[in-house]
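This report describes selected features of one protein model.

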Amino acid sequence: AQLRYSVPEDREPGSSVGDLAKDLGVEVRSLASRSLRLVSEGGQRHFQVDLAAGVLLLDSRLDREALCGQSPTCSLHLQLVMENPLQLHRVEVEVLDVNDNAPQFPKPEVVLEITEVANPGTRLPLEVAEDPDMGSNSISTYELSPSEHFALNINTRGDGLKMPEIVLEKALDREKVAVHHLTLTALDGGNPVKSGTAKVTIHVLDANDNPPVCDPPISKVHLEENVPVGTLVTKLNVTDLDEGPNGDVEYSFKTSNNAPGKFTKLFSLDPRTGEIRTKGPLDYEESSAYEIAVRARDKGSPAMEGHCHLRVELIDINDNSPEIVLTSLSSPVQEDATPGTVIALIGVKDSDSGDNGQVRLQIAKELPFKLVSSFKEHFSLVTNGPLDREKVSGYNITVRAVDLGSPQRATQKTFYLRIADVNDNAPNFSSPFDTAHVQENSLPGTSVFSVSASDPDEGSNAKLSYSILDNGLQDVPISTYFRIDQDNGTIYTVRALDYEQDKVFQVPVEVKDAGSPALSSTAVVHVFVLDENDNAPTIVYPSVPKGSAFHQTIPTLVEPGYLVTKVVAVDADSGHNAWLSYQLQETTEALPFQVERRSGEIRVAQALRELDDPHRLVVEVRDNGTPSLSASVVIVISPEENSVQDFAKSLDLPKASPNDTNLTLYLIVSLVSISLVSCVMFAVVAARCL
């Protein structure tokens, strides 16, 4: 918004200028919380804001003449900045002129000369009085004390300046009156009226009775600013009807109240030719026009003079580049900012005028931002599309200002806008399924596997913590078997695992970030327990109490190959840890029996003719693990008269050759290997499908 107030220049400090809260439509109590602050565009502090009352106050006494000089209008521009949300308001305060200055002549006494042969109607120019006030408070008219011979005439110049001159109304006679004393009074238009006076002394002289005359007396010249020094502005056209020294004219500058003595620094005057040339660089932005007064005086006795008035109006050229002012910048901005969010407040100004001072502001089209015009020469930079910090963490925004002059002038300003992260990305595991192996009976705290996840967010939004979820697939909560380091994702065993009880575990792992709200994802780790040879073979037949022997009777007369009995054993382990072999413990005497290594069958090794005493056999069953575990049973074989051959009917099994034994072993190893590989493949495929 833009507010406008007016205040007389004579107001005391602390006086109220305007009700900001009412005019802005905000509550007074919200001004302090919204950090209302006042920024003066000129850098000088003339005002202050009473946050308690919501009004704009004078901070110091204003002097319109000191602030704006002879400008027709005098306005001070302020900026009000409020936050939450960020807003910029422009305040224009017009300083009203009061009649606080009386007219004053440059000299308290003016001495004029006039020849006695001057004709009625002869004009004598007078010094113009000065009044710093403007408008109706400036000089309104002049008055001359009553005189028999002289009257006052007032001319109005093109810029409105009133120039008094004395007009001869009745012929003079020097022999009667040689000197005339008059009083010139300058009156302003204020209320009450203020005035200033000057004494005018007119000496009546003889001879030179024709003054120099300018043709035209008031002229105007247009000149481009920044012309080279020494450029001819004009040549005055002055004529004097007298001859000889009375018609020889010399030129000199005459200062005026518009800019006393200022134009003499910028222009030079040839006293002989009347040529006026530039003496210094001209700047339209400093002053758009100059009023030059020239005195033309002849060399007669007494000398007579005329006055020429020249107005030099400058033509603006595009010699100033636009200026970009970054009033406010909200950095960083959240990546989830909605379109239309105000990012920055930007002001632009160009000291040139017309099209040369009209400025367009632009940014690169590919940026997700756009410029919105707030009011004249002020823009808001707002979001125009979605922001994604994970793709672009910040933008170098270049604002370019181009005026409409010819040739165009441009300037640019670059600032960096950082994009703040919001938790809009969930953590992501490198793989949703992983496979790990752990040896059974490993000590609690053994490292099993390390899961890894990543989060493209930053800061607390990317700080990850891991945990194990209870999937309910096991009878006992999974947390009783495993735990996970919440910082690095390493899975450890909580207790020793038993392959014979659980061969595989599905461990669901959740990773969660520390954002608000927190985002998470899950993965499943299939933990396969590797078998260890921790179970000794168990003899299931013959089943005898520990420390006892199994008694087996056979006929007294049997042939080699006779099946006496068979030892059957099992092993809770798997794989090669469960491969069993049977053998007889060595004794000091040779025994007529043998045991099959793989089947556990005990047969007669040599023909028995008579079996008087029982034979004590110790059969040892050993697995193929490392280290190997074993179990044994004691079998006592004794003769039985007229016994029936339970097992035999002599099988007449031929003695196995070493080659046949090796072939059987190879077949068993191949079958077990194929089965184990198939089971593992089925488990992996099932885990992937899950």
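Helices (H or I, at least four residues) and strands (E, at least two) are DSSP runs, numbered from the N terminus. The model is predicted, so that local features need pLDDT of at least 70 and side-chain atom pairs count only at pLDDT 80 or more, while totals for chains, interfaces and linings use all residues. Residues are numbered from 1 along each chain as its sequence is written, and side-chain values use heavy atoms, with hydrogens and water left out.

**The largest pocket**

A pocket is an open set of points, on a 1 Å grid over the protein atoms alone, where a 1.4 Å probe fits, with protein on both sides within 12 Å along at least five of seven lines; lining residues have an atom within 4 Å of a point. A volume is the space filled by probe spheres set on the points. The largest pocket has a volume of about 1200 Å³. It is lined by 43 residues, and those closest to its centre are L124, P125, K254, E305 and H307. Strands that each supply at least two lining residues include β8 (109-115), β12 (162-168) and β23 (305-315); the largest share, seven residues, comes from β8. Because domain 2 (109-205) and domain 3 (213-315) both give residues to the lining, the pocket lies between them; the domain bounds come from an automatic or database domain assignment.

**Paired strands**

Two strands pair if DSSP finds at least two bridges between them. Strand β49 (residues 630-640) pairs with β42 (residues 549-555) in the parallel sense over seven bridges, and Q552 has I637 of β49 as its bridge partner. Strand β48 (residues 615-623) runs antiparallel to β49, joined by eight bridges, and R622 is partnered by S630. A hairpin of six residues connects β48 to β49.

Contact means heavy atoms within 4.5 Å. Leaving aside neighbours within four places in sequence, H149 is in contact with V167, L168, E169, K170, A171, L172 and H180. With the neighbours within four places in sequence left aside, R34 is in contact with V26, M82, E83, N84, P85 and Q87. R34 and N84 are 50 residues apart in sequence, yet 5.8 Å apart in space, C-alpha to C-alpha.
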